[in-house]
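Open your viewer and take a short tour with me. We will stop at one meeting of chains, then at one meeting of domains.

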Amino acid sequence: MTESLLTIRDFCVDYVTDEGRVRAIDDVSLDVKRGEILGIAGESGSGKTTLVQALLRILPPPAVISRGEIMFEGKDILALEEEELRAMRWGRISMVFQSAMDSLNPVVTIGEQIEDTFRAHNAKGGRDRAAELLDMVGIPGDRVDSYAHQLSGGMRQRVGIALALALEPSLVILDEPTTALDVIVEREILQEVRQLQRKLGFSVLFITHDLARMLQVSDRVAIFYAARLAEIGPTNELRSNARHPYTRGLLKAFPPIGSGTEARDAHSIPGSPPSLRNPPTGCRFHPRCDQARPECAAREPHQTTLSEGHKADCILTD
Amino acid sequence: MVYIFQRLAFYALAAWVALTLNFFLPRLMPGDPATALVARLQGRLAPGALEALRETFGLTDAPLISQYFMYLSHVLRGDFGISVAYFPAPVSEVIGTGLIWTIFLAGTAVLISFAIGTLLGVMAAWWRGSWLDTILPPSLVFLGAFPYFWLAMLALYALGFTLGWFPLGHAYGDDLTPGFNWLFLSDVVRHGALPIGTVVLATLGGWLLSMRNTMVSILGSDYVNLARAKGLPPSRVVLRYAARNALLPSVTGFGMALGFVLGGSLLTEIVFSYPGQGYLLVQAVRNQDYPLMQGIFLVITLAVLGANWLVDIVYLWLDPRTRESGG
Amino acid sequence: MSGGAEKTTGIGIWVEAIRRDRKATIGAVILALFVLLAVVGPFVAEDPDELVGVPLQPPSMQHWLGTTGQGQDVLAQLLVGSRTSLLIGFSVGISVVLIGALIGVTAGYFGGRIDALLTLLFNVFLVIPGLPLAIIIAAYLPAGPFTIMFVLIVTGWAWNARVLRAQTLAQRKRDFVFASVVAGESSFRIVTREILPTMTSLLVSQVIGGTVYAIGAQVGLEYLGLGDVSAFTWGTNLYWAQNDSALLTGAWWTFVPTGICVALVGFGLTMLNSGFDEITNPRLGLERSWRAYLLSKGRKPQRSTPVVLEGTRD
């Protein structure tokens, strides 16, 4: 078995509000292995972005990490001091943000924004290296002096990727990197990432709500529902043998690409995700589950290991 | 570049609106004060001067439209008519003597206040919860709630009259002749300190709060979060990513506040008998010197419009997105 | 958990916002005191016109705030003046928001040429300096409170129109408004039932801001002698103080109390507004409870996401 790059155990994140604390990540454990692509899927608000921003400890107020442990390359991220965190950010873990438009500084050239990372980490590299990075993700190097607004959506997202690779980190987080893009650009970018990943050997945490896209790219997939991990397993296993009703619902809503059924969202799961302020008792999915039994509301499911690396959080699998 | 000319066209339009308001106001108002004024001065004026005064008001027998064009052509030649209070000096001459002082006072005050207030705003947003963020803003808001001229009165009373640290009025000592020498310039600074200081004090809170609030929302933006994720040093995140962007709305606000601050600064001039437009304005109000009043209004409006255009040029330099719009 | 967090609605939200924010509480108390003063004061005050003693007497037991350059009671003038000054302030504050809303919402809602024209109009009014314009208009009109109100409204509405136009544009794009447009509801109904209600907190904060502006500008105009100098308002009090050379005779009591009153009212209103900011900008409030939570755990708020581990699951 490949060694773990990142280990998350019993992890909880709370949002502190006037009306008390809201648990935005509830008792999540998972690993990212060296050189793999782990996909995280779930509806918006299920905690995907919260998890990865908490990983970098850049989750803004009112968030507080309230439980658990995160080990990354042998270091406990939750115990790091401000300066150590600064060195870890980008140097070891980098991230491509959801919205490329909003995540680039509008008044500074993209080249400068790449160079900023070199400077902050005392890394070698200047304008030439920035141009090289742009070139690597398929943007002409002479665009270093461009501003974000002068680039198309796809190009901006490529800049985001170039930026993420600037310091050759061991883990790259892609937070819904292609939501705002059209299908063709999306496919190009994902292929690009896959190629770069094979070439450079970093691990990837790939977040999306589009399960079909994820099944194409990822080695393993984790499914989040209402702040909890519902199911996790190798891609093939999940594709053919998903056990959690929510995962199966998602698979129906996003039929695998090329399967002939192009009617996306045709089978979207009825209902909407619960409020985290007041989550349902027992299994959080039971109000929307088509196989719910009375005991689903009464007791919380505990994680069952179904096969090597395949776990689900459902009473039916107990 | 197109942007700069668009703005110029807009200010030209605003100037035209101001001119037109100036022309129609006396004609729209009840009781026709212009005629009353001319009547009041009858006998005290030489026949030629009376004609000239009538003409500034456009009180000829010509139809309104040709009066209007005559008025425009006069104003464009810099002819605002004849002052009543300073009879028989032309308005343009009366205004000319004090314009530089008004611009000096208001300009210096607004620049100092903007620079310090904005800097404090950045610091307050960065050190959330520190005294800079909790105690300073309300204190400055409290100071800002006083009328500018009242603060001026208090400062003059306490620091000038009682303690004698500062001169009691005017822009420079009576015994000095204006010139570019140390003696004169230092005297100007000494005389300017209180009026400028009070205007700065009164306006600081506004800049601080607006910058702080913009900073707070920008510190929550994606690009600031990405900058933090990049592991940039905090100072760089704050200055290059947050403050640099938060400055943009503040600069826009700066243009808009110019006219407002200028109003307060005019009143401050009165307290210090500072020889600028504010002082002339009181004389004009007390003597019902309408030509002078209107002349001051026009000149000040033009000055504010010009300053706004300069602010637009600065904005263009600060925001690359504006540089291409329309170009 | 979040027990007993029933949803407060209507006026309750405002009361709650004021109660929760210390600054807003202070502001509300100051404001309430002055409103009381303006209502009751003129009844209990002596005749402000009466010559009660030697001119320019410093404060004493008999005349708590001394006498003016004419020998009138300063306190009496202050009390009587408060009513007119506050009344003008609030009326102008409300009027500029009403006019601003009419023009701004019309521009934002209808768009196109109407918008272009109205936007140009308020932008022009924004760059023409207000005080000089107010002066030349007021100089032609009979002196008095209505003239002051009129000129302050003419020179004060543009800012509100600009802000409300932007807000309307944002609301116009929202789904539920779009749905009503498609459903063929009348524009008037959409504006009054669906767009304006979403802007309540903004409108309230604009009225407060408008009142602050009106009181300050009013005092300034009257100080210049553009008010009715025989009436009693805070501004004319200052006008007379200046005229009677209060400064050069050392009679600080003729202008200091009035200025403090003007400032307290302005300060109270501004503080009140900062409490309402939280209704419009919830981010400000969230961060406060977060900060308080960290401090209660003996932690200092830090830049990176804080770690406050708890022993057991709750």
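A polar contact here is a pair of N or O atoms within 3.5 Å; within protein, one must be able to donate a hydrogen and the other to accept it, and residues adjacent in sequence count only if both atoms are side-chain atoms. This is a predicted model, where local features need pLDDT of at least 70, side-chain atom pairs count only at pLDDT 80 or more, and totals for chains, interfaces and linings use all residues. Residues are numbered from 1 along each chain as written, chains are lettered from A in the order written, and side-chain values use heavy atoms, without hydrogens or water.

**First stop: chains C and B**

Select chain C and chain B together: five residue pairs are in polar contact between them (both at pLDDT 80 or more). Now colour α11 (256-280) of chain C; α11(C) gives the largest share of the side that touches chain B, 11 residues. By class, that side of chain C has 35 nonpolar, 10 polar and six charged residues (nonpolar: Ala, Val, Leu, Ile, Met, Phe, Trp, Tyr, Cys and Pro; charged: Asp, Glu, Lys and Arg; polar: the others, Gly among them). In contact (heavy atoms within 4.5 Å) are 51 residues from chain C and 60 from chain B.

**Second stop: inside chain B**

Next, select 11-76 of chain B as domain 1 and 91-326 as domain 2, bounds that come from an automatic or database domain assignment. Here 14 residues of domain 1 are in contact with 13 residues of domain 2. How many residue pairs are in polar contact across this interface? The rule finds two between domain 1 and domain 2 of chain B (both at pLDDT 80 or more).

Note on methods: Helix = DSSP H or I, 4+ residues; strand = E, 2+ residues; numbered from the N terminus.
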